[in-house]
Number of protein chains: 2
Amino acid sequence: MQSIKGLVLKGLAMSSSMNKKKTIAEIMHSLRRIFKAIQQYSEEVLKEFGVTGPQLWALRTVYVEGQLSMGELSRTMYLHMSTVSGVVDRLEEKGYLERTRGVSDRRVVKISLTKAGKKLVQRGPEAAQGRLLHGLESLSPKEVQVIWSSLEKVVRLMEIQDTKATFFFSEE
Amino acid sequence: MQSIKGLVLKGLAMSSSMNKKKTIAEIMHSLRRIFKAIQQYSEEVLKEFGVTGPQLWALRTVYVEGQLSMGELSRTMYLHMSTVSGVVDRLEEKGYLERTRGVSDRRVVKISLTKAGKKLVQRGPEAAQGRLLHGLESLSPKEVQVIWSSLEKVVRLMEIQDTKATFFFSEE
DNA sequence: TACAAATATTTTGTGTACAAATTATTTGAA
DNA sequence: TTCAAATAATTTGTACACAAAATATTTGTA
């Protein structure tokens with residue numbers, strides 16, 4: 001259906017003398033394709049396990065971290081609290097999560113897994129990571145390391161600009 | 001508001017002896033944060049130019065590629081056609097794009113920029129790329145190259161699994 | 001020629017994803 | 001003590017993002 005193979009080969013054919021501007025455009029494309037692949041994987045997870053990628057990710061986070069507040073969950077997942085609120089709604093409806101009000105502070109909502117939720121996490125794949133995970137597993141530790149440090153560099157570049165809006169529009 | 005700086009530093013503190021599984025989890029986090037940074041940037045663009053990141057990206061694509069069909073536009077943007085259909089709807093309402101039916105094949109819809117659309121692209125930043133672009137510009141060509149090839153590797157790993165679903169669940 | 005299969009786009013329905021507004025509760029200062 | 005500010009979570013409104021179904025048109029074939 002998609003001519004992905006062709007596109008990948010086109011990417012590989014680029015020489016190392018490719019100029020910076022073009023490389024940057026390619027980087028954006030790569031990121032876009034990674035997001036798309038993650039979303040497509042989410043569909044597969046939905047068909048097999050009845051929950052979406054983000055939902056499985058939330059379950060997995062609670063499984064790993066233990067009981068969490070909404071704020072903690074959203075910070076751990078790097079998602080806006082209102083987004084997480086909706087995800088938790090759907091997981092609660094499905095019977096995988098429970099909300100309980102905090103005892104000492106009644107503003108706080110504590111999220112915990114039900115028995116069914118725990119079971120699902122144990123038999124399910126590693127959330128959205130699944131596909132990427134199995135790909136990365138096949139690489140050497142060194143290769144994984146290089147990919148990680150590259151991504152960290154990109155993250156720093158993007159997040160640093162939050163604090164340095166002044167320098168945002170530099171000269172061409 | 002966000003404690004992003006702290007998180008970045010935590011990432012940097014990791015030693016190279018970090019095991020593969022942890023590194024992979026970090027890679028997922030990095031991707032997630034890149035995604036979030038792009039979306040936050042989209043908000044800024046919206047406030048300044050009245051169009052969202054994806055909308056500006058679509059305009060820019062038509063600007064660069066010239067008149068396009070919906071199919072061509074969606075393939076170029078790596079987005080589902082139904083998604084692009086909605087984005088084009090909103091840009092048409094705002095008067096930046098026009099739809100025209102194909103002459104030889106009346107199923108095809110041709111997308112082209114209006115005068116206002118052209119003007120906006122010329123004065124606007126480089127769509128979602130903007131923030132990343134300015135960050136990457138500050139690196140050496142070699143560094144940019146390493147980041148690109150890492151991302152390409154990730155893309156290939158994820159997309160290859162579309163065709164090789166058989167090997168999907170390998171042993172631990 | 002007739003009409004089924006293929007193709008291009010839109011519509012429908014679900015689920016993120018965010019900001020801004022709202023609600024409920026707690027904390028701190030006059 | 002009182003009540004405004006701060007905090008935690010939810011609700012509301014907009015815009016992606018996708019698959020599946022529907023619509024319109026063209027192509028190929030009997």
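**Figure 1. Close-up of B:Glu92 and its salt-bridge partner in the predicted model.** In this predicted model, B:Glu92 counts as partly exposed, at a relative accessibility of 31%. The side chain of B:Glu92 meets that of B:Arg99 in a salt bridge, with an N to O distance of 2.6 Å. B:Arg99 likewise counts as partly exposed, its relative accessibility being 27%. Side chains of opposite charge can pair when their charged atoms come close.

**Figure 2. Close-up of the salt bridge between B:Arg99 and B:Asp89.** The side chains of B:Arg99 and B:Asp89 meet in a salt bridge, for which the N to O distance is 3.0 Å. This pair links distant parts of the chain, with B:Arg99 placed in strand S2 (residues 97-101) of chain B and B:Asp89 in helix H5 of chain B, 10 residues apart. B:Asp89 is partly exposed, and its relative accessible area is 35%.

**Figure 3. Close-up of the salt-bridge network of chain A.** A:Asp89, A:Glu92 and A:Arg99 are joined in a network of salt bridges. Within this view, the side chains of A:Asp89 and A:Arg99 form a salt bridge of 3.0 Å, taken from N to O. Because A:Asp89 lies in helix H5 of chain A, whereas A:Arg99 belongs to strand S2 (residues 97-101) of chain A, the pair ties together parts that are 10 residues apart in sequence. A:Asp89 is partly exposed, with 34% relative accessible area, and A:Arg99 is also partly exposed, with a relative accessible area of 27%. A search of the whole structure, taken over all chains, finds 6 salt bridges.

**Figure 4. Close-up of the protein surface near DNA strand C.** Around DNA strand C there are 28 residues, of which A:Thr52, A:Gln55, A:His80, B:Gly71 and B:Met81 come nearest. By class, this surface is made up of 7 nonpolar, 11 polar and 10 charged residues. In chain A, helix H3 (53-65) and helix H5 (81-93) each supply at least two residues of the surface near DNA strand C, as do helix H2 (20-49), helix H4 (70-77) and helix H5 (81-93) of chain B. The most is given by H2(B), which contributes 5 residues.

**Figure 5. Close-up of individual polar side chains and DNA strand C.** In chain A, a polar side-chain atom of A:Ser82 lies 3.0 Å from a base nitrogen of DNA strand C. In chain B, an N or O atom in the side chain of B:Arg107 is 2.8 Å from a base oxygen of DNA strand C.

**Figure 6. Close-up of B:Lys118 and its surroundings.** B:Lys118 is found in helix H6 (residues 115-123) of chain B, and it is partly exposed, with a relative accessible area of 41%. When residues up to four places away in sequence are not counted, B:Lys118 touches B:Tyr63 and B:Leu113. B:Arg60 lies 58 residues from B:Lys118 in sequence, while their C-alpha atoms are 8.7 Å apart in space.

Technical notes. Residues are numbered from 1 along each chain as its sequence is written. Chains are lettered from A and ligands numbered from 1 in the order in which they are written. This is a predicted model: local features need pLDDT of at least 70, side-chain atom pairs count only at pLDDT 80 or more; totals for chains, interfaces and linings use all residues. Side-chain values use heavy atoms; hydrogens and water are left out. Helices (H or I, at least four residues) and strands (E, at least two) are DSSP runs, numbered from the N terminus. Buried means under 20% relative accessible area, exposed over 50%, partly exposed in between (1.4 Å probe, protein chains only). Contact means heavy atoms within 4.5 Å. A residue is near a molecule or strand if one of its heavy atoms lies within 4 Å of it. A polar contact is a pair of N or O atoms within 3.5 Å; within protein, one must be able to donate a hydrogen and the other to accept it, and residues adjacent in sequence count only if both atoms are side-chain atoms. Ala, Val, Leu, Ile, Met, Phe, Trp, Tyr, Cys and Pro count as nonpolar, Asp, Glu, Lys and Arg as charged, and the others, Gly among them, as polar. A salt bridge is a side-chain nitrogen of Lys or Arg within 4 Å of a carboxyl oxygen of Asp or Glu.
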